[in-house]
Amino acid sequence: MKNKGLIAAVIVIFGFLLAAFGYQMGAKQTGESAEQPTDQTAKKEHKTVGILQFVSHEALDEITRGVKEGLKQSGYTEGDNLTIEFQNGQADQSKLATMSQQLLNKGADVLVGIATPAAQALANTTKDVPIVLGAVTDPVGANLVADMDKPGGNITGVSDKTPVAAQFELAQELMPEAKSVGILYSSTEDNSKYQAAEAEAAAEKYGLTSKKYAVPSSNEIAQTVQVMAETVDFIFIPLDNTIANAMQTVVGEANKTKTPIITSAETMVQQGGLATVGQNQFSLGVQSGKMAAAILKGESDPATTPIYTFKDGDTVINEKQAEFLGITIPEALKEKARLISDEATETTSSTD
C-alpha cells in the first residue's frame with residue numbers, strides 16, 4: 001500500500017510538471033508571454049501622421065520640417081513611436097484627392113495639410129479623421145472651418161495670415177517716393193485672391209495706385225513680370241504657392257529693371273525679394289506639429305480648438321538686394337529689422 005501511495009504521488013507530481021511545461025510551450029507559440037501586455041501597450045502608443053504638401057518650394061518645405069520638429073518636441077519621434085506618411089502634389093491639384101485617400105488608407109491618426117489646396121483636398125476626403133492646417137491664410141473663406149475660434153468640425157490648425165498693412169508700411173519706409181504697386185498672384189489659389197484684395201485696400205490707405213496681375217499658371221509669370229516691371233514702382237507678392245515656386249524667375253525679370261519686390265514670406269526675401277513683415281515658416285510648422293500631437297494624445301478636440309494665428313511678424317530685409325536696387329535702409333529700420341544677404345541675388349543681378 002505504501003508503494004502504491006508513493007507511485008500515485010509521483011504520477012501526480014509528474015502530471016503537474018507536464019502540464020506546466022505544456023502551458024509554457026503553448027504560451028511561447030501563441031505569444032501569450034508575460035511581455036505581451038507591454039508590446040500591446042507600445043503598439044497602442046505608436047501613431048501615424050499623414051502629411052499632404054501642395055508643392056515643393058522653400059516656404060512649404062520649411063513648414064513640413066517644422067511639423068516634424070513640433071511632433072518631436074511633443075514626444076513623437078519618427079521611427080520610434082511615430083510613422084509619417086508624406087505625399088506631395090507638386091502643384092498638380094488633380095492628384096490631391098487620390099493622395100488624400102492614400103493617406104487615409106495608410107491608417108493616419110491625424111492628417112496635416114500644408115497650404116490651402118492640400119487642406120481642401122483632405123477636408124473633401126474625410127469628415128472623421130482630425131485634420132491640422134499647416135499653412136492656410138483664410139480657413140473660413142476657404143470653407144474649411146465655420147469659425148476661427150470654434151472650428152466646429154474635424155479641422156483646426158495654424159493660419160499663416162500675414163500683416164499686409166504692415167508690409168505696405170514697410171514698403172513706404174524703404175521706398176517713400178513710390179507711387180504705384182503691382183500685385184502679383186495666382187488666379188487659381190483662393191488664399192491668394194483673399195490677400196490680393198487686402199493688398200488693394202492697404203495700397204489705397206498709403207496713397208498708392210495699385211493694379212492686380214493674376215496669372216493662371218507658372219507659364220505666364222515671366223511675361224507678366226516683364227509688363228509689371230515697366231509700369232509699377234514695386235511689386236507685391238502675397239502668400240502664393242505658384243509664385244513662390246517660381247520666385248527665381250520673378251526676381252530675374254524684376255532685376256532687369258531694378259524693380260523692388262515686397263513679399264509675404266522670409267524664404268522669398270532670401271531668394272531675392274527686398275523685404276517682408278511675416279512669420280517664420282519653420283515656426284508655423286512647429287506650432288502645427290504641436291497641435292497635431294495634442295490631438296494624438298487626446299488633449300485637444302479640433303471642433304473646439306481655435307485656429308492659431310501668430311500676432312506679430314518679423315521684419316526681414318535683404319541688405320544685398322537693397323544695395324543692388326540703390327535703396328538706403330533707414331537706421332531706425334535697421335535697428336528693428338533682421339538683415340540678411342542673399343548670394344543668389346549677386347548672380348542674378350550681374351546679368352542686368
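Predicted model: local features only at pLDDT ≥ 70, side-chain atom pairs only at ≥ 80, totals over all residues.
Hi everyone, let me start with a definition: helices (H or I, at least four residues) and strands (E, at least two) are DSSP runs, numbered from the N terminus.

Residues are numbered from 1 along each chain as its sequence is written, and side-chain values use heavy atoms, with hydrogens and water left out.

Now the overall picture. The protein has 15 helices and 13 strands. Of its 352 residues, 50% count as buried; buried means under 20% relative accessible area, exposed means over 50%, and partly exposed is in between, using a 1.4 Å probe and protein chains only. The accessible surface comes to about 16,900 Å², and 50% of that belongs to carbon and sulfur atoms; these areas come from the Shrake-Rupley method with a 1.4 Å probe, and for residues only the protein chains shown count as cover. As for contacts (heavy atoms within 4.5 Å), take the ones between residues at least 6 apart in sequence: 72% of them join residues at least 24 apart.

Let's move to the sheet. In what order do the 6 strands of the open sheet come? The order is β2-β1-β3-β4-β5-β11, with parallel pairing. Two strands pair if DSSP finds at least two bridges between them. At the edges sit β2 and β11, each of which pairs on one side only. Helix α3, residues 58-73, packs on this sheet and touches β1, β2 and β3; its direction makes about 170° with that of β1. That angle lies between N-to-C directions on a scale from 0 to 180 degrees, with axes fitted to C-alpha atoms, for helices over the stretch in contact.

Please find β5, residues 155-159. Why is β5 described as largely enclosed by the rest of the structure? Because 5 of the 5 residues of this strand are buried. On one partner, β4 (residues 131-133), 3 bridges join the strand to β5. Val-132 stands opposite Thr-156 of β5, and Leu-133 has Gly-157 as its bridge partner.

Gln-281 lies in helix α12 and is buried, with a relative accessible area of 5%. Its side chain reaches the backbone oxygen of Gln-279 at 3.1 Å. Leaving out residues up to four places away in sequence, Gln-281 touches Ala-59, Glu-62, Ile-63, Ala-265 and Thr-267.

Phe-236, in strand β8, counts as buried at 0% relative accessibility. Not counting residues up to four places away in sequence, its contacts include Val-164, Phe-168, Ile-183 and Ile-262.

Conventions. Polar contact = N/O pair within 3.5 Å; in protein donor to acceptor, adjacent residues only side chain to side chain.
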